[in-house]
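Please look over the structure below together with its sequence.

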Amino acid sequence: MIAVLPRLFAAVVAAVLLTGSVHAETVTLRMSWWGGNEVHRALLDSVREFEQRNPDIRVRTEYTGWTGHLERLTTQIAGGTAPDLMQINWNWLALFSGDGHGFKDLHELRDVVDLDSFDADALAMGTVHGRLNALPTSMAARLFYFNASTFARAGLAVPRDWDELLAAGPVFRERLGPDHFPIDLHLQDVVALTRSWLVQRTGRPLIDDGARRLTVSAEQIADMLRFYQQLVDAHVTPDARTRASYGNVAPHEMRPWIDGRFAGSYQWISAIGKFIETLAPGQTVTLAPYPMHADALDAGLLYRPAMMFAVNARSAHPRESARLLDFLLNDPFAAQRLGLLRGEPVSTRAIATLREAGELQGLSVEGAAQVAALPHAVHESAWFEHARVRDAFIDVFELYAYGRIDADAAGQRLHDDVNRILGRIIR
Amino acid sequence: MSTHPSEATAIGPRRRASWLSPALRYAILIGVGLLMLYPLLWMVGGAFKPNHEIFGSIGFIPAEPTLDGFRDGWRTSTEYTFGTYLINTFLIIIPKVILTVISSVLVAFGFARFNVPGKRLLFALLIATILLPKSVLLIPQYLMFREFGWLDTFLPLYVPSAFAVEGFFVFLIIQFMRSLPPDLEEAAVIDGCRSWQVLLYVLVPMLLPAIIAVALFQFMWSMNDFIQPLVYLSSVENYPISLALKLAIDVTEATSWNQVLAMSTIALLPSLILFFVAQRYFMEGTTAGAVKG
């Protein structure tokens, strides 16, 4: 018995040493994202496949829903414990990487990540001060979607320009009743829509990052508000009080949207899917041509990456992280597994995979095609989506929508408020 | 004689009032009670509805009842079942509740029964911590726990409870202690009890309602706590239910509310059972200190 012990001990030591040496070669990466059920399943499958093909890399997945993801990532970045590969929102680049050094410069890793499959626009939007901080999964813009079934009941085709949109309101009221509207806009949609309308006239983004100011005058903001009032007066969209009477519910979960009484939405390409899913059976949603001002040079789209992936600047394994990034965005397996869940992918290799598989169809593909066909050279500043700026817009639009303030006063106030906020937050 | 008729008429309405008034009261109570409970009933009903039916009606009885919500919700979209998240929740909550009770009683005992220099100031500081917003502490604490190497473990979630960090609970127990006559403790001291024996054998049995109230509050708050686990736990395998329930809610995908509701129903059961078991003490505990006596 005693003679056996040393041999046993030696065996144990050998076993420990062996496993130790195996572990030393294995790299463990941390990767984070937010999403819903389908995205979780697709990304998990892709990551498992990546591990199979790269036995030397283990990936720890850290995913959550949308709520709280920014708070969590902020704490992790502040604490220096952020994951190696992380999904970020486009406007977070401004928060975490003001000088471009917040994330790894992917140009340094271009031998691992295939950057050629991304067009110049996509790369430009992930670049901060010449450093490529993040790559987009897909691009998003707000477009006009209408409930074709309701429009058919009203005897109308979906509107093709601003005038037809304005003309549809009275027809809805007369033929379908006062509770039917061509489009439902909550205040954030109103801000986005009137911004697009204004940019078509000015041909400039609303915010100038360099000057840390709005490019438009108080009078022009007042025009945005008046245009909204015009939409309300023409029965194109329900006024704030009417909307509020349906409760504080997500627009796609509102009764009048579900049953088709609110027959349109000015919505992100990446989000329209959930609007279609909640629709009562028997109705169809179509993408409408984008309304353009007669002599507009730009459509004024809010065109931006829907979401991006970035590599932690302090990652101990940037090359392995970049390999995972490349796999998720470009590899046929990942492309097919994720499909159009997050809209039409940006990577041309992913698109080619989906086209071959015959999966490149549907509203998100139509949306991407429409964006490509529209003039969209004016890119809005990321600060337009900053929580403080967004809230300032919504607050004043709300005061105006409830008739507490007139258009001129609202324009002046918004102009002053936003300029003050921009001066403080842009550094 | 002339008073007789008026007396007779006076008795009539009063008799009628003797059953009318409770009936009316109960009717109102039941009505309001149902109104308050309706969202809960709706949640349970919603758990048995298919997803497309949930927004369609405000009735809570499902037209086509199904267990899909429970089956898919339990399986979740992750590598783990909902059971993992339930177990995690209890691995956090049970030590947290025990540590909270022990530390809060000890600290309250100190404040209520001992005279130390600067006691008033310390007590004022304790009360001030109740008013301190939790989010202020988030990043400093995160950095501290990172230095300890405790990130992605359950430790940051319950170890602080060992230091009576919830001023509210200490306050609750102090108020309760003040209502207890000091005579019993004095008698115990005369009989030769040390301070800790006084606490353990005399005070704690009398404090039981307050202790149970503290335990229940801590249990429910910890069940609902979202931001702390979100920040401290990074691995999905460590998530408690408050995080797991939100895993399915995204901005671009329609949410399977039936699964969320089904799992919320399951997550609610432990709280409900615990509350009903301890209800008697709980009611006594929350009103403790309301009337001095």
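The points that follow are grouped by topic.

This is a predicted model, and its largest nonpolar core holds 185 residues. Chain A also contains a right-handed β-α-β unit, as well as an arginine, A:R131, that is buried yet has no salt bridge.

**Nonpolar cores**

- Within the largest nonpolar core, the residues that touch the most other members are A:I88, A:L135 and A:F144, while the element that gives the most to this core is helix 10 (residues 195-224) of chain B, with 11 residues.

**A buried arginine**

- A:R131 belongs to strand 5 (residues 131-132) of chain A, and the nearest side chain of opposite charge, that of A:E108, lies 4.1 Å away, so that with a salt-bridge cut-off of 4 Å no such bridge is counted.
- When neighbours within four places in sequence are left aside, A:R131 is in contact with A:G100, A:H101, A:F103, A:K104, A:D105, A:E108 and A:G126.

**Strands 1 and 2 of chain A**

- Strand 1 (residues 27-34) and strand 2 of chain A run parallel and are joined by 8 bridges, with A:R30 having A:R60 as its bridge partner in strand 2.
- Together with helix 2 (residues 37-53) of chain A, these two strands make the right-handed β-α-β unit.
- Strand 2 (residues 57-64) of chain A is mostly covered, as 6 of its 8 residues are buried.

How values were computed: Residues numbered from 1 in each chain as written. Chains lettered and ligands numbered in written order. Predicted model: local features only at pLDDT ≥ 70, side-chain atom pairs only at ≥ 80, totals over all residues. Heavy atoms only, no water. Core = buried A, V, L, I, M, F, W, Y, C linked by side-chain atoms within 4.5 Å. Buried < 20%, exposed > 50% of the residue type's maximum accessible area, 1.4 Å probe, protein only. Helix = DSSP H or I, 4+ residues; strand = E, 2+ residues; numbered from the N terminus. Lys, Arg positive; Asp, Glu negative; His and termini not counted. Contact = heavy atoms within 4.5 Å. Pairing = 2+ DSSP bridges. Right-handed = clockwise from strand over helix to strand, strands pointing away.
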